[in-house]
Amino acid sequence: MTDSSQPAESSRQSASTTGRRRPVVSVGLLGVAAGFLWAASRMTWVEVTSADGLGEERTSALVGGTWAAALTPLALTLVAAVAASFAVKGWALRVLGVLVAAVAVSAAVPAILLLMVGASYDEAGRLAELPARAVVQSVDIYAAPAILVLVGALAALAAAAELMSRPRAEAGLSSRYDSPGARRAAAEKGGTAADGPVTQRALWDALDAGEDPTAGDSRGDGVEHVDDTGGDPGTRM
């Protein structure tokens, strides 16, 4: 007789593998985004050349942490989102996705403005903290860190989309992290603490709770049973 449980078991294993892979994708994207934002915050975005009329010209380099001061906090927020993606589920996971998307947009805005509009003399002089008598002679911008931020923002947006589209059953911590008391209580109800399929550990918890996990009518489960209601002992149902 063909074992009909094999396709179902294969489907469950495939779903389990996919469920483990999806968090890895979002975590990887968040890690890439945080790394790119942090690296860009340490790179030079703008160089300001100024002169005060008393000496030689002075060149001041403005790194990303100065020109776009929010980059470092935004990178740390993405790092925190990595841990949060394992701890929350349901609507909270979708809120986390919206937060990550907001971080991505906030990081991308100064990079886009620098590439499209450039750097104003007044803003560059103010951030360079030039003396009052100093006059800005020229401002040079560097596109590489801005492009790096845009790539990181795209990675964060992709992570946000994955977080918001993740099925509720795959979100949050696995039932293996539930307390023994919670697992036993779930086993008494015939399931796991996460309302998932009954596992071998759940069966042991049921036995610990004094319940027989094999009790109940098992007819219709695809297993042959001997009809002991008065018919021929060799007859099978």
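Q: What makes D52 partly exposed rather than buried or exposed?
A: D52 has a relative accessible area of 26%. Buried means under 20%, exposed means over 50%, and partly exposed is what lies in between (1.4 Å probe, protein chains only), so 26% puts D52 in the middle class.

Q: What sort of model is this, and how are its residues numbered?
A: It's a predicted model, where local features need pLDDT of at least 70 and side-chain atom pairs count only at pLDDT 80 or more, while totals for chains, interfaces and linings use all residues. Residues are numbered from 1 along each chain as its sequence is written, and side-chain values use heavy atoms, with hydrogens and water left out.

Q: Why is the contact between D52 and R133 called a salt bridge?
A: The closest N and O atoms of D52 and R133 are 3.9 Å apart.

Q: What does the pair D52 and R133 tie together?
A: D52 sits in the loop between β1 and β2, and R133 in the loop between α5 (121-128) and β3 (135-141), so the bridge links parts that are 81 residues apart in sequence. R133 itself has 52% relative accessibility, which counts as exposed.

Q: How many salt bridges are there, and which residue does R126 pair with?
A: The structure has 2 salt bridges. R126 pairs with E123, with their closest N and O atoms 2.7 Å apart. Both residues are in helix α5, 3 residues apart, or about one helical turn. R126 is exposed at 53%, whereas E123 is partly exposed at 29%.

Q: How do you know that β1 and β2 are paired?
A: Pairing takes at least two DSSP bridges between two strands. Strand β1 (residues 44-51) and strand β2 (residues 58-63) run antiparallel and are joined by 6 bridges, so they qualify. V48 stands opposite S60 in β2. The hairpin has 6 residues between the strands, and G53 there takes a positive phi near 80°.

Q: What makes β1 and β3 partners too?
A: Again there are 6 bridges, and again the strands run antiparallel. E47 stands opposite D140 in β3.

Q: Why are β2 and β3 called edge strands?
A: The open sheet of 3 strands has the order β2-β1-β3, with antiparallel pairing. β2 and β3 each have a single partner strand, so one side of each is left without a neighbour in the sheet. Neighbouring strands are turned by 20° against each other on average, direction ignored. Helix α5 packs on the sheet, touching β1, β2 and β3 (contact means heavy atoms within 4.5 Å). The direction of α5 makes about 100° with that of β3, using lines fitted to C-alpha atoms (for helices over the stretch in contact) and angles from 0 to 180 degrees between N-to-C directions.

Q: How many helices and strands does the chain have, and what counts as one?
A: There are 8 helices and 3 strands. Helices are DSSP runs of H or I with at least four residues, and strands are E runs of at least two, numbered from the N terminus. Along the sequence the pattern reads α-β-β-α-α-α-α-β-α-α-α.

Q: What class does V95 fall into?
A: V95, in helix α4 (residues 91-116), counts as partly exposed at 47%. Its C-alpha atom is 9.5 Å from that of A160, 65 residues apart along the chain.

Notes: A salt bridge is a side-chain nitrogen of Lys or Arg within 4 Å of a carboxyl oxygen of Asp or Glu.
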